[in-house]
Amino acid sequence: MSSQKQPKEGRVLEVRFVGDEEVLQHIVDKQEGVKGKNAVQILVSLKTPRKSEPEDSEDEDHEVCNEQDYVEALGTAAQASELARTPGKSVKFTTADSPPEEVTSPTRASKRQSTQYKTPSKGKKNQFVSTTPHRLRKRLSAPNLRSDSDSDFSPSNSEEELEAEEEASKLVPESKPASKAPAAGLYKTPVKKAKKVPEPSLVEEYFEAHSSSKVLTSDRTLQKLQTPQLDQDTLCRLLDGTSTAFSAELKQLNKEHERLFHKWMLQLQLGFNIVLFGLGSKRTLLEKFRTSMLLGSIHVVINGFFPSITIRSILNSITEEVLEHEGHFRNPLDQMDFIVKTLKEDPDLQLFLLIHNIDGQMLRGDKTQQILGQLAAIPNLHLIASIDHINAPLSWDQFKMSQFNWLWYETTTYQPYIEETSYENSLLVKQSGALALSSLTHVMRSLTPNARGIFRLLAEFQLENKDNPSYTGLSFQDFYQRCREAFLVNSDITLRTQLTEFRDHKLIRTKKGADGVEYLIIPIETGTLSDFLEKEDKE
Amino acid sequence: MKVLEYRKGVNVPDHAMTFQSLSALLQESVTPYVVCLQSKECSALKQVLQKVLVQLMGHSVSVEDDDDEEDQSGPRPTGIPSRKMLCSMATLCGWYTAVTQKSASPSPGKKRLSSSKGCGQRPPVVVIFKDLESFTPRVLQEFIVISSQYIQQLPLIFIFGIATSPITIHGMLPHSVSSLLCIQLFQSLSCTQHLATVIDKLVLTTTFPFKLSGKVLQVLISIFLYHDFSVRNFIKGLQLSLLDHFYSQPLSMLCCDKQEARSRAKELSHEDCENIRQLPSFMRYVEKQEPEIQVQLLTCDKRVKDVTQSLLKELHAYHKNYYPVLRCLHALTSSLPKYPLGKQIRELHGICLEKNVWETEEYESAFQLLRMLAKDELVAALRTCTEILKCAKKLGDAVEKLEEFIERFELLDRCSAVVEMGQEGEEELPPQKGLQKKTDLFQLQKSLLERESRRTKKLSKFELLRLAVLDCIDSIVKKHLLPPESQPLHEVFYYSSAGTLRRHLNAAPRTAIQTALNNPYCYLQSEALKSEGGAISNAAPDICIVYKLHLECGRLINLYDWLEAYATVVAAAEGKDPDSAAAAQLDDVKH
């Protein structure tokens with residue numbers, strides 16, 4: 001909630017944003033031992049000094065948006081955040097001269113936490129009670145919320161805030177984070193009410209939290225975050241710049257793990273396999289193990305976190321590169337048999353298999369784990385792997401466990417999962433599409449002019465329809481007609497072969513429409529696509 | 001059609017080994033045609049047939065060499081049957097008749113003399129279904145029905161491996177199918193019996209100098225009992241402890257048999273001597289010595305070496321006596337009601353390893369029960385005891401004593417008739433007295449007490465003898481069943497770090513991650529982290545902050561709120577926040 005400091009002359013129509021103090025987050029001490037009796041609520045509030053806005057024209061906007069009222073409650077007592085939003089109906093005020101800011105303080109918050117907020121609760125707000133959905137109100141006022149100290153109210157008028165922030169960012173666009181920090185303050189507000197409220201059992205709280213099937217969250221989205229969207233490279237650069245805390249301790253921790261290397265080596269050679277677990281990326285550790293211990297021996301490194309790894313590729317790399325076997329196998333089981341046989345025949349061959357994240361997305365399947373287990377059971381194949389998922393051990397039943405013959409080692413490193421997560425897209429990072437563009441041009445260069453023309457035709461059509469939300473793609477017949485008109489193809493078979501090639505390169509996708517007609521679309525963002533066309537034009 | 005049902009229990013990891021030896025045994029003594037099927041390879045009938053054919057025919061090729069290639073099936077090239085070959089029962093039948101005819105006719109060759117001896121000209125074809133429960137019932141049904149059609153030409157025998165109970169087979173197969181089968185049930189030994197054998201052969205023996213301490217044994221047994229019932233895993237634990245002992249304990253080089261240990265003890269380096277001096281058990285030993293010897297032991301390496309040799313010798317002797325006496329005690333107590341000292345010898349062993357067994361309550365109650373034992377049982381138990389003790393050379397005097405006791409018991413037997421008569425005469429009188437004064441309660445009580453005291457006073461010869469025997473056994477136990485911790489230099493032989501073992505065999509990755517997130521101080525020994533109970537400190541690693549904030553939310557998290565909260569926590573002390581993006585990224589993956 002933003003409680004505004006009102007100028008004494010509040011009746012003046014021209015509203016000035018003198019200062020906006022917003023309570024961003026309450027952090028509540030929820031230690032079990034304390035049991036909420038002397039729970040201390042820490043309010044961290046940030047003040048953003050704001051310059052008064054001279055433009056009158058803006059005021060109209062403010063009034064409109066301030067009438068949209070958000071009540072938001074974070075009930076952490078039951079570890080559930082329930083965010084309620086009063087219906088966004090704009091409630092018209094008869095007293096137009098009252099400053100709109102007052103309205104933004106929601107009733108409940110002011111009732112309960114009037115001690116904490118400076119906004120005086122005024123009688124006017126009663127009319128808002130009715131706008132809160134009844135069910136929600138009941139839950140909010142239920143005594144089950146352990147105590148008032150635990151239920152956090154951090155209502156904020158996000159839209160208003162957003163706009164205000166935008167204004168501010170116009171003024172000082174780059175000093176945003178810096179301006180926040182110095183104003184940060186810590187307030188401790190002891191709450192006495194807590195003792196009076198009978199403490200409900202954990203069970204009740206649990207059911208309270210899960211009673212409604214619908215989970216309410218606040219409707220604020222990441223778009224409202226003011227941090228500029230960085231692209232991947234800048235983010236990496238920024239992150240490289242920041243030094244990690246506790247580097248000395250981390251080094252110590254790592255050293256302890258490294259001391260185990262010889263032991264691991266011995267145990268591996270004696271027929272055990274090793275699995276590492278614990279928080280933090282174990283990739284560097286395993287790499288170090290590899291470089292310090294395994295350089296002289298044959299080893300295969302598998303990145304289990306790679307999104308398109310398959311068991312077949314693992315087996316292939318073993319058969320082709322280690323066993324130097326030419327030829328193909330019908331199925332992984334045959335390949336497996338071959339590997340087992342060859343390794344059995346040649347007991348001197350010691351093969352080390354390093355799997356980063358054996359619980360990776362693609363390796364989780366039962367069949368895959370079965371094959372890996374069979375591999376691990378070969379006496380002269382030594383497996384050292386890492387797991388990160390909290391439920392990873394569930395993917396092994398007793399039989400597989402005995403095949404793997406694991407020895408567990410806890411290696412908590414606190415290292416960031418940089419490499420492992422590099423295949424994930426973060427919402428906070430701007431997708432530049434540079435990669436897609438370059439691959440597109442690469443593929444295009446190898447095509448015949450006609451084929452290029454075909455693709456171009458499709459791309460242009462898609463760009464034309466980019467604003468049409470119900471655009472499903474270009475139907476094949478239509479496309480064929482267009483291609484013919486442009487003298488690109490002479491029969492639909494030619495077009496089809498061409499399209500197959502595109503599909504193999506994942507340049508287009510086909511979808512069967514409701515009427516059974518094939519529709520073609522290019523699964524690339526419009527921005528990238530137009531970039532590509534521009535580039536093509538230049539050439 | 002014959003079916004052998006083989007119940008194996010739930011210790012799945014061990015089954016592979018059982019079946020391996022079973023099929024090897026079958027191949028050696030009954031028939032060369034053994035097929036092992038696993039459910040994971042047989043998801044459809046076609047695969048089942050293919051597997052059977054490949055294993056049988058491929059096998060026969062390897063057994064019969066290449067001289068009978070052509071009559072196995074014409075178009076097929078050598079070795080493994082080609083994939084395109086029609087896999088059907090008919091093919092199999094044809095192959096089988098061809099092979100049996102061939103072997104029946106005196107062909108140039110050697111083969112299968114042993115097998116054809118037992119089964120005439122038609123050795124059966126054995127198909128083993130390793131894990132019946134996980135086969136698809138439909139596939140199984142079809143396979144059985146089809147093969148029942150060919151039973152005339154093809155003597156098939158199935159072996160079903162069942163982990164749970166024999167009822168499952170009727171659950172899987174309808175009556176029409178199961179009526180085709182003639183089922184015979186076999187039960188494998190329970191896994192605890194296997195475990196007992198393993199412990200008996202590996203742990204309770206002097207053959208191997210390496211020993212497990214009580215805690216380690218407890219960890220291994222509890223993993224066995226509460227997790228998997230797998231003997232294989234138990235052996236793995238044993239291997240690991242062996243490995244770890246020799247890896248981590250520098251003095252484990254003395255852990256070998258007597259002669260070698262002595263020669264190695266002679267060549268101890270200065271460092272080793274220092275290591276010995278560091279051993280807590282050795283220190284205790286030194287403290288008990290005379291002051292001048294103490295000084296010598298602490299300064300002179302040679303002296304240490306000499307003492308080490310003698311101590312090692314003593315330890316070996318101790319082990320030689322320990323196990324027979326342990327078995328002897330077990331033989332005495334294992335049949336007592338309620339098993340005060342455990343039914344299995346490993347339990348008794350565990351108690352003995354932990355502390356002085358005669359100080360425990362269980363021992364007390366066991367001996368109380370022993371004092372009430374009838375003569376026949378006692379004598380029988382004593383006989384087994386002497387048998388056991390005879391194995392140990394050093395316990396000759398104990399054996400002699402016990403034998404003497406047994407003789408005296410037998411002597412008692414002979415004159416027992418006389419004694420009994422006398423006893424009966426004595427016994428008859430008091431009840432009459434009691435009857436006379438029936439009304440007087442006080443008198444009755446008194447007389448009862450009197451009888452009690454008289455009985456305790458007037459112990460029969462047998463009772464006296466029984467007490468004497470038990471005292472003798474008690475003294476033997478007290479002399480030999482000392483816990484190994486009391487022995488100096490026990491660290492050389494006993495592996496005791498149960499914690500390591502548990503960590504590596506029975507790890508808890510979940511808790512590890514939890515503590516790492518909740519309490520980074522456990523891992524990063526930094527003072528900045530060692531603080532307040534519940535509040536989120538901004539000094540902690542980013543991921544810990546983010547995790548704690550996420551705990552405060554419900555099932556769904558608004559990323560915006562979350563990040564803002566994070567920024568607030570961090571900014572409370574510092575002035576930077578671009579990290580939040582990275583932290584969020586980390587957590588995106590975790591959830």
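Although A:Gln374 and A:Phe404 are 30 residues apart along the chain, their C-alpha atoms are separated by 7.7 Å.

A search of the whole structure finds 18 salt bridges over all chains. One of them is formed by the side chains of B:Asp244 and A:Lys263, which meet at 2.9 Å, N to O. Because B:Asp244 lies in helix α10 of chain B (residues 231-248) and A:Lys263 lies in helix α10 of chain A (residues 261-269), this pair joins two chains. In general, side chains of opposite charge can pair when their charged atoms come close.

Chain B also carries a patch of positive charge on the surface, where B:Arg262, B:Lys266, B:Lys313, B:Lys320, B:Lys393 and B:Lys394 gather. Two helices of chain B, α11 (258-266) and α15 (301-333), each supply at least two residues of this patch. B:Lys394, by contrast, lies in the loop between α18 (375-390) and α19 (396-436) of chain B.

For the complex, the predictor gives an ipTM of 0.76 and a pTM of 0.64. The values for each chain are set out below.

| Chain | Mean pLDDT | Residues reaching 70 or more |
|---|---|---|
| Chain A | 66 | 54% |
| Chain B | 76 | 80% |

In chain A, the pLDDT is below 50 over residues 1-197, a stretch that has 323 contacts in the model beyond near neighbours in sequence. Where pLDDT is low, the predicted coordinates should not be read in detail.

Among the elements of chain B, strand β7 (residues 494-495) has the highest mean pLDDT, at 90, whereas helix α4 (residues 113-119) has the lowest, at 40. Over residues 106-119 of chain B the pLDDT is below 50, and this stretch has 16 contacts in the model beyond near neighbours in sequence. A further stretch of chain B, residues 422-438, also has pLDDT below 50, and there the model shows six contacts beyond near neighbours in sequence.

Key. Residues are numbered from 1 along each chain as its sequence is written. Chains are lettered from A and ligands numbered from 1 in the order in which they are written. Side-chain values use heavy atoms; hydrogens and water are left out. pLDDT is the predictor's confidence in each residue, from 0 to 100. Helices (H or I, at least four residues) and strands (E, at least two) are DSSP runs, numbered from the N terminus. Contact means heavy atoms within 4.5 Å. Patches are made of residues with over 30% relative accessible area and no salt bridge: like charges are joined within 9 Å, nonpolar side chains (Val, Leu, Ile, Met, Phe, Trp, Tyr) within 5 Å. Accessible areas come from the Shrake-Rupley method with a 1.4 Å probe; for residues, only the protein chains shown count as cover. A salt bridge is a side-chain nitrogen of Lys or Arg within 4 Å of a carboxyl oxygen of Asp or Glu. Lys and Arg count as positive and Asp and Glu as negative; His and the chain ends are not counted. The place of a charge is taken as NZ of Lys, CZ of Arg, CG of Asp or CD of Glu.
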